[in-house]
Every structure is written in structure tokens, then in C-alpha cells.
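Student: I have a structure to go through. Can we take the side-chain packing in pieces?

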Amino acid sequence: MRGSLLRAALAFAFAAMGAAPLAAQAGQVTGRVVDAATGRPVAAARVAVQGLQLAANAGVDGRYTLAGVPSGPRTLSVTALGYASKTVTGVVVPASGAVTQDVSLSAATLLLEAVTVTAQAERGSVTQALDEQRNSVGVVNAVGAEQIARSPDSDAAQAIRRVSGVTVQDGRYVVVRGLSERYTTAALNGARIPSPEPERRVVPLDMFPAGLLQTVSTTKTFTPNLAGDFSGALVNIRTREYPAQPIFSISSTLGYNPDVTGRALSLPPLGRVDYTALSSGRALPAEVAQYGDFQGRTIGSQEYNRMVNSFRGVWLPEQQTGGANGSLAMTLGGTSPVLGRDLGYVGSFSYSRDFEVLSDHRRAQVLLTDQATGDVRETDRFVGDVSRVGVLWGGVLNLSASLGGDHRVSLSNTYNRSAESEARADSGSLEITGLELIVNRLRLVERSVRSNQLRGEHGFGRGKLEWTVTSSGVTRAEPDRSEWVLDTSNGTRRWYAISNEAAVRTFGDLAENSLEGGADYHLSLGAGERHRLSFGGMVRRTDRDAENTSYSISALGLPEDATTLTPAEIFDGRYTGEDDRYFLVVPLGVGGSYAAEDRLAAGYGMLEFGLTDRVRVIGGARVERSEVTVTSDPTFGQVDVANPVYTDVLPALAVNVDLTERQKVRLSASQTLARPEYRELSAIAYRDVIGEELVRGNGDLRRTLIQNLDARWEWYPGADEVVSVGLFAKRFDGPIERIYLPTSGSRIVSFANAERAVNYGLELELRKSLGMLGSAGESFSVITNATLVRSDVTVVGEDEDRPMVGQSPYVVNAGLAWSPADGRTSATVLYNLFGRRITSAGAGVLPDVYEQPRGVLDLSLRHAWSDHFSLKLDAENLLDARYEYLQGGVVRESYRTGRSVSFGLSWRR
């Protein structure tokens with residue numbers, strides 16, 4: 001008996017020794033099975049390895065995994081009910097590794113013909129089948145993670161500049177098809193992102209680091225399953241998906257700007273918040289807050305002295321040395337079995353810190369000199385540099401679990417945070433007083449965006465149920481902004497102590513939270529997914545609270561020699577003794593608080609009907625009911641309430657025609673809308689001090705109805721290649737315009753509904769290899785798109801039409817990419833140019849404010865040093881073209897940002 005056990009143990013040991021190398025040589029095959037016509041996942045498709053007893057079924061998302069596949073070339077057989085079977089040959093499985101093989105299936109003919117292709121050919125075919133642009137119902141453009149990695153783009157705002165018809169304002173706000181950001185909405189993983197901006201509807205996309213992105217897509221045509229409040233585009237940011245095989249990567253960059261790095265700059269005093277973007281604790285002092293709006297309160301000199309002493313003793317920029325720009329990013333992801341189920345996971349984190357200088361900065365106002373002709377001249381000009389230090393960090397944690405082949409649940413979590421510290425010292429004069437002044441300003445803006453989304457996908461035969469629950473929130477804090485004004489008229493710098501704008505502290509805070517739930521049911525009719533019926537709905541509850549209060553410190557009778565002292569000396573206590581009665585603290589008339597409650601409910605029905613194998617009709621309608629209540633409580637004055645309520649029916653009809661396997665024509669017609677932003681409905685006024693504009697809302701604003709027409713021809717000559725020509729036309733009923741009001745006192749910007757507007761244009765896109773030029777051109781490809789737009793706004797009381805606010809007459813993106821066959825080195829040159837556009841329209845005879853054309857040229861180099869290490873070199877803004885805003889020939893604002901170069905190193909396992 002003992003001998004038998006020994007022989008069995010020895011046999012097992014030898015078998016294990018022999019099996020170990022075999023196991024080590026086994027690999028994994030993963031991928032997705034999709035419908036060749038629509039790009040949608042084919043659930044329950046069976047994928048088998050020929051000659052082996054290895055097979056797996058695709059889940060509800062089309063994903064499959066084959067483990068323990070012997071290394072070497074293998075052949076896959078893929079079958080699914082209602083589809084022609086397909087055989088994929090030449091799938092090379094690496095030892096102890098994984099290979100991704102996506103497969104597209106075509107709807108079966110009566111003969112159920114089988115198809116055999118090579119793995120290489122299938123990858124090219126599936127690249128097209130999965131391409132969001134080709135297989136979308138409407139007009140869509142997308143930028144993927146691979147394309148972003150080959151560019152110098154560090155965030156979503158920079159990446160989306162490469163999309164046809166897209167420009168970016170102020171480095172963060174997206175403008176599509178020449179329309180202002182008002183007509184563009186942003187979503188994160190399909191759910192709406194609240195805006196952290198008090199006066200803008202769109203989300204600043206520079207808050208989403210490139211390292212966290214899977215794709216950034218722009219949907220330019222409306223279908224009933226989408227939110228109806230856009231006309232330019234719906235921008236959807238998708239965070240990283242979990243990879244099939246375990247990965248770990250880390251990367252870092254170091255940047256140099258010759259106008260900043262190592263230079264002596266007037267920077268804001270840098271503290272912890274300038275490195276972490278976490279709360280600075282700069283709250284309104286309790287000594288001031290206890291008096292509210294000061295109305296009806298008896299306040300003595302000692303109370304004023306205590307208020308003055310309670311403010312932070314920080315008023316002026318500091319001379320410091322500009323630092324280098326840098327970033328760090330890490331990603332960990334993979335798929336692991338947990339309790340018998342595959343759990344996909346990906347976690348990513350990134351951090352960056354950047355210095356920026358707006359050099360040769362100039363700002364001025366206009367003075368109307370002729371009421372009849374609208375002639376203007378320059379007044380109140382100020383010049384000086386602006387320095388900024390920005391921090392951005394964020395993280396993603398996404399999980400996805402299969403609960404059986406027909407059910408999958410995923411959890412997506414995103415959090416991004418930024419802080420921007422700014423210092424400026426502008427020198428100029430006020431014409432109304434004749435004084436020469438220096439305006440010092442310190443400003444910190446902190447923003448955060450959070451999104452937590454639970455999503456489910458469930459297959460029920462030919463039916464599929466998708467549902468999402470999303471909790472999201474944003475914050476924006478502008479804590480303790482300071483302005484300190486010096487009078488230099490007599491050659492000596494003196495505090496302008498008698499003015500109520502000479503020393504101002506401003507405290508701004510905004511918080512918005514949203515809870516959204518939605519469900520969609522899709523029922524496939526006919527073979528494959530030739531016909532599809534979809535219906536669903538969503539509800540969203542959004543609450544915003546915003547507050548902005550400003551306090552002025554003035555000093556009457558302060559000794560003349562005291563006004564020449566620094567703020568630190570003036571406020572060190574020597575003039576706030578028990579018998580001192582110099583200072584007065586008052587809240588400024590601008591500012592206050594407002595609260596917004598937004599309730600939205602929507603439902604839709606949509607039918608996708610295949611008239612023939614080549615013609616597909618998509619039609620339906622969406623109903624949206626919106627109820628918004630904005631309650632404004634100004635610093636002085638009565639509480640005001642705006643309560644717009646609308647129920648709108650938004651129909652849509654589209655026809656997609658496959659002219660050939662590689663050519664497609666799209667036609668669509670729809671109606672969408674644009675609603676006023678909460679701040680635009682609020683009666684609260686807001687203004688910067690000394691020569692800046694007053695912004696005031698309008699509670700009578702109406703929502704805008706927009707009729708849209710689109711036509712586009714697309715040709716896909718090869719994998720990753722596209723040629724397209726598109727036409728579009730839009731009609732706006734009551735477009736909301738930002739207008740510049742003619743007044744004799746303060747310069748006021750407000751908002752109003754114009755009577756109507758039209759917008760129409762042409763889009764061209766070319767993404768093509770230059771292989772037709774011979775072997776020398778095979779390594780090169782062009783990436784070019786252009787948009788030509790014209791718009792006209794009809795305004796009651798004005799004789800002539802003008803372009804819409806924010807509309808550019810042309811937008812050009814051009815690029816040349818070089819990528820040799822070895823795949824280790826690549827280079828990309830990218831150029832962006834837009835035509836002049838109105839930023840604020842002049843009311844009456846006042847001229848409009850135009851942002852002038854500006855070209856941006858970037859260069860990016862990539863080199864894979866080994867299988868694990870790669871290097872990159874990026875050069876940005878090589879032309880350093882001037883930012884310039886003109887009003888009737890007067891330079892309202894002008895500056896340069898400088899060129900920059902960065903070097904990066906990445907390691908990937």
C-alpha cells in the first residue's frame with residue numbers, strides 16, 4: 001500500500017512538472033462581439049477555439065474571455081442566433097499573456113452563409129464597426145485614448161479641439177459649429193455634469209485630465225434618446241474602461257515656459273492650497289458676517305476696527321521665481337474572478353501643477369462719442385502682467401461585474417479638483433477722475449466635480465434593459481479675493497483710502513448637487529437588429545446655492561503719511577486703537593445670494609427601422625417638462641423670484657443610407673431647445689472693482705426653440721480613415737444673447753432674447769494615410785477638418801442683423817502624423833485656427849466686442865524605448881499668437897501666454 005502511494009505521488013509530481021511549462025505557455029483571448037451594421041454588442045454569441053474544448057459566451061455587453069488557450073496561432077469560430085457565423089484565423093496567442101480580438105457579425109441571410117477572415121483583416125473591419133462615428137445613429141465625432149496619447153493634450157478641453165467644428169474659449173469652454181457654449185452640454189459617462197461656473201451653462205473641460213479619459217465624443221444631431229437641450233453638440237466624456245489583462249502604468253512630465261520658469265514674477269502668496277487644491281479656510285470672518293447686510297444696525301468705531309483686524313493680512317502679490325510645470329499619473333486595471341464572476345476594475349489618478357503668465361496684458365473700456373454713428377474711443381486703459389498658478393488632480397475608480405451572461409452591473413466613480421491662484425497689478429487711469437492708479441488683485445478659484453454612477457444592463461431574449469442612477473455635484477469657491485488700489489497721480493504711491501473701491505474683499509461660494517435616474521428598453525425586431533424599438537425616460541433633480549458678497553474698507557481722515565505705508569503696516573493695529581476712528585467697512589451694493597431648484601422629467605419613444613439592408617430610418621419624439629425656480633436675495637433690495645415652466649415636444653427623424661460597405665449618407669431633422677442658466681435668471685448683480693463690468697441677470701428670459709437640419713456623406717476607405725462632407729442649418733426662435741447695455745454710469749452686461757436667428761454651414765473632414773504617394777508616404781497621415789459657418793440674428797429695435805454671440809465664421813484643424821512601420825516612434829504636428837467671434841453684443845448703437853482670430857501650433861513626439869518604457873516631447877503654442885478682443889477698433893483686452901516645452905517618461909507593465 002505504501003509503495004502504491006509513493007508511485008502515485010511520483011507520478012503526480014512528474015505530471016505537475018510537465019504541466020507547469022504547458023501552463024506557462026497558455027494565454028488568454030478577450031474581446032467583444034458586435035453587430036457589423038450598428039456596432040452594438042451581440043449578447044450570448046458563442047466564441048470557440050477550433051480543435052480545442054475551449055468556448056465562452058459573450059455577455060450582455062458583448063465581451064468574452066477565453067482562458068488557458070495554448071500559445072501560438074489559433075482559429076476562432078463565432079456564432080450567434082440571427083447572424084451569419086464567422087471564422088477568424090491567425091489569432092496569435094502570446095505565452096502567459098493576452099490578445100484582444102474583437103469580432104463583427106452580419107445579419108444572417110436565408111442560407112446562413114459562413115464567413116472566414118484573417119485576424120488582421122478582422123481587426124481593421126472591427127475598428128470601423130466599433131467606430132462611434134461610423135455606427136452612430138446621428139452625426140458623431142470622437143477622439144479616443146490612443147489619439148489623445150499621440151498629442152500634447154493634457155486634458156479633455158485640449159483633446160476635443162481636434163474634433164471637426166470645435167474650438168475652445170479661455171482654454172476650457174467648448175464652442176461647436178461656431179455656436180457659443182450656451183448650445184453645448186456636457187455629460188460624464190452619459191449623465192449630465194452640473195456646471196461649477198456661476199454665469200456659464202457649460203462645464204470647464206480642463207478639469208478632466210487626459211490620463212483619465214477613454215473617449216471624448218461630440219454628438220451633433222439630436223435623437224429622442226438624448227437630452228434635448230443642445231444644438232451645437234452633446235459632449236460625452238467617458239472615463240477609462242477596465243482592460244482585459246492586468247496593467248499598471250505610471251508617467252510623469254516636466255515642462256518649461258521661457259516666460260515663466262526661472263523668471264522673477266509677481267505671484268500670489270503660495271500656500272498649501274496652491275499645491276493640493278484643498279480648502280484654504282479663507283471664510284468670511286465672523287466679526288463681519290454677524291452684521292449681515294448692515295441694514296438697521298448701529299455699528300461703532302471699535303466694531304469697525306475689529307472687522308478690519310479680522311481680515312487676512314494679504315493684499316499684494318509677492319516677487320517670486322516662476323517654477324516648472326509638471327504632472328504625475330498612475331493607472332491600475334484588469335479583470336479578476338471574484339465569487340465565480342469576472343470583475344473588471346480600473347483605478348487611475350493624475351496630478352499636475354502649472355505656472356502661466358498673461359504677458360503684456362492690456363484692458364480698456366469704450367466711451368461712446370457719437371450717438372448717431374456709434375463711434376467710440378478708448379477710455380480707462382490699464383496695463384500689467386497677470387500671473388497664475390494652477391493645480392489639477394483627479395481620480396477614477398470603475399468596477400464592472402458580470403452577473404451571468406445576460407446581466408452586468410457597473411459602478412463608475414470620478415472626482416476632479418482644481419485651484420487657480422491669480423495675481424495682477426494693473427497700472428492705468430480713470431478718465432472721470434483724472435487719477436493715475438495701480439489696481440492690485442489677488443484671486444483664488446477652487447472647483448470640484450464629483451460623479452458616482454451605478455449602471456445595469458440586462459438581456460431578456462430580444463429585449464435589453466439599461467438603467468442608470470447618477471449622483472453628481474460641483475463646487476466653486478472664490479474665497480477672500482482682494483483688491484488694493486494705489487493713487488500714483490503725484491508721483492508717490494498712496495492708498496486711495498477715500499474711495500469705497502480702494503480696498504475690497506469678496507467672498508464667493510457655489511454648490512450644486514444633482515440626482516438623476518433613467519431607464520431605456522430596447523426590443524430587437526427581425527433578424528439581427530434590423531429593426532429596433534426603444535423607449536424610456538429620466539428624471540433629474542438639481543439644487544444650487546450661490547453667494548457672493550463684497551466688503552469695502554475706506555479710511556477718512558487717515559494721516560497722509562499713513563497712506564504711503566504697505567497694507568500690512570496700515571492694518572497691523574497701529575490705527576485701530578481704542579480712540580481711533582479712521583476705518584469704515586460697508587457691504588457693496590453688488591452681490592448677494594441666489595438659490596435654484598430645477599426639476600426635469602422626460603420620456604421618449606424611438607423606432608429604428610431597416611427599410612432595406614442599406615436604408616435605415618430612425619424616428620420618434622421626446623417630451624421634456626422643466627420647472628425652474630430661482631430665488632434671488634440681493635445685498636440691498638427685495639427678494640426676487642423667477643419661475644419658468646415649460647413642457648416641450650421634441651421630434652426627430654433621421655435616414656441613414658449605406659451607399660456601399662464603406663460609404664454612408666446621413667439625413668436628419670429635429671427640434672431642440674436651450675434654457676437660460678440659473679445665474680442669467682437671477683437679479684443679482686456682480687462686478688469687479690475699478691473699471692470692470694457689471695453683470696446683471698434677467699428674470700424674463702425665455703427658453704430658445706431650435707429647428708435643426710443635417711446632411712452628411714461619409715467614406716471610410718480604410719481602418720482609421722474617413723472622408724466626410726456635411727451641411728447643416730439651424731433656426732433659433734428667441735435666442736438668448738449676452739448684450740452690452742449703453743449707460744451713462746456703470747458698464748452693464750446683461751442677457752436678452754433676440755427675435756430670431758439662423759445658422760448654417762459646411763463641415764469637411766479628412767483623416768487619410770498618404771500611402772498613395774508611394775512607400776515614402778506610408779508612414780504619414782493627414783488629420784484635417786474645417787467648418788464654415790454663417791449666422792444672422794434679428795434683434796428688435798436694430799436695423800441690421802449680426803452674427804450670433806460666440807459664432808465663428810470658420811474653424812480649421814489641420815494635422816500631419818508620422819508613424820513608421822516599427823511602431824516605436826511617432827510624431828504629430830497639429831494646427832488650430834478660428835475666425836473672429838462676438839463675445840458680447842453691443843445694444844443700440846454700441847459696436848459688438850469681437851475676439852480676433854488666433855492660430856495655435858503644437859508638436860508632439862513619442863518614442864517607445866522598450867516594451868515597458870516610452871518617452872515623449874511636446875511643444876505647445878509655438879506661434880504664441882496674441883489673444884485680442886476689439887470693440888469698434890478699441891482694444892478691450894489683449895495678452896500673450898507664451899510657448900512651452902515638456903518632456904515625459906512613462907513605464908507600463
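Student: Is phenylalanine 571 buried or exposed?

Tutor: In this predicted model, phenylalanine 571 counts as buried because its relative accessible area is 14%, and the cut-off for buried is under 20%.

Student: Which ring in strand 30 does phenylalanine 571 pair with?

Tutor: Phenylalanine 583, in a tilted aromatic pair with 5.5 Å centre to centre and 45 degrees between the planes. Phenylalanine 571 is in the loop between helix 9 and strand 30 and phenylalanine 583 is in strand 30, so the pair ties together parts 12 residues apart in sequence. Phenylalanine 583 is buried too, at 4% relative accessibility.

Student: How many aromatic pairs does the structure hold?

Tutor: It holds 16. One of them is edge-to-face, between tryptophan 484 and phenylalanine 571, at 5.8 Å centre to centre and 80 degrees between the planes. That pair links distant parts of the chain, 87 residues apart, with tryptophan 484 in strand 26.

Student: Which residues make up the aromatic cluster?

Tutor: Trp315, Trp484, Trp495, Phe571 and Phe583 form one cluster.

Student: And the largest nonpolar core, which residues have the most contacts inside it?

Tutor: Phe294, Trp495, Ile553, Phe571 and Phe583, in a core of 34 residues. Strand 25 (435-460) is among the elements that supply at least two residues each, and its 4 residues are the largest share. A second, separate core has 22 residues, including Val42 and Tyr83.

Student: Switching topic: what does the side chain of lysine 664 contact?

Tutor: The side chain of aspartate 658, through a polar contact of 2.7 Å. Lysine 664 is in strand 35 and counts as buried, at 9% relative accessibility.

Notes: Residues are numbered from 1 along each chain as its sequence is written. This is a predicted model: local features need pLDDT of at least 70, side-chain atom pairs count only at pLDDT 80 or more; totals for chains, interfaces and linings use all residues. Side-chain values use heavy atoms; hydrogens and water are left out. A nonpolar core is a set of buried Ala, Val, Leu, Ile, Met, Phe, Trp, Tyr and Cys residues joined through side-chain atoms within 4.5 Å. Buried means under 20% relative accessible area, exposed over 50%, partly exposed in between (1.4 Å probe, protein chains only). A polar contact is a pair of N or O atoms within 3.5 Å; within protein, one must be able to donate a hydrogen and the other to accept it, and residues adjacent in sequence count only if both atoms are side-chain atoms. Rings of Phe, Tyr and Trp (its six-membered ring) pair if their centres lie within 6.5 Å; planes under 30 degrees apart count as stacked, over 60 as edge-to-face and the rest as tilted.
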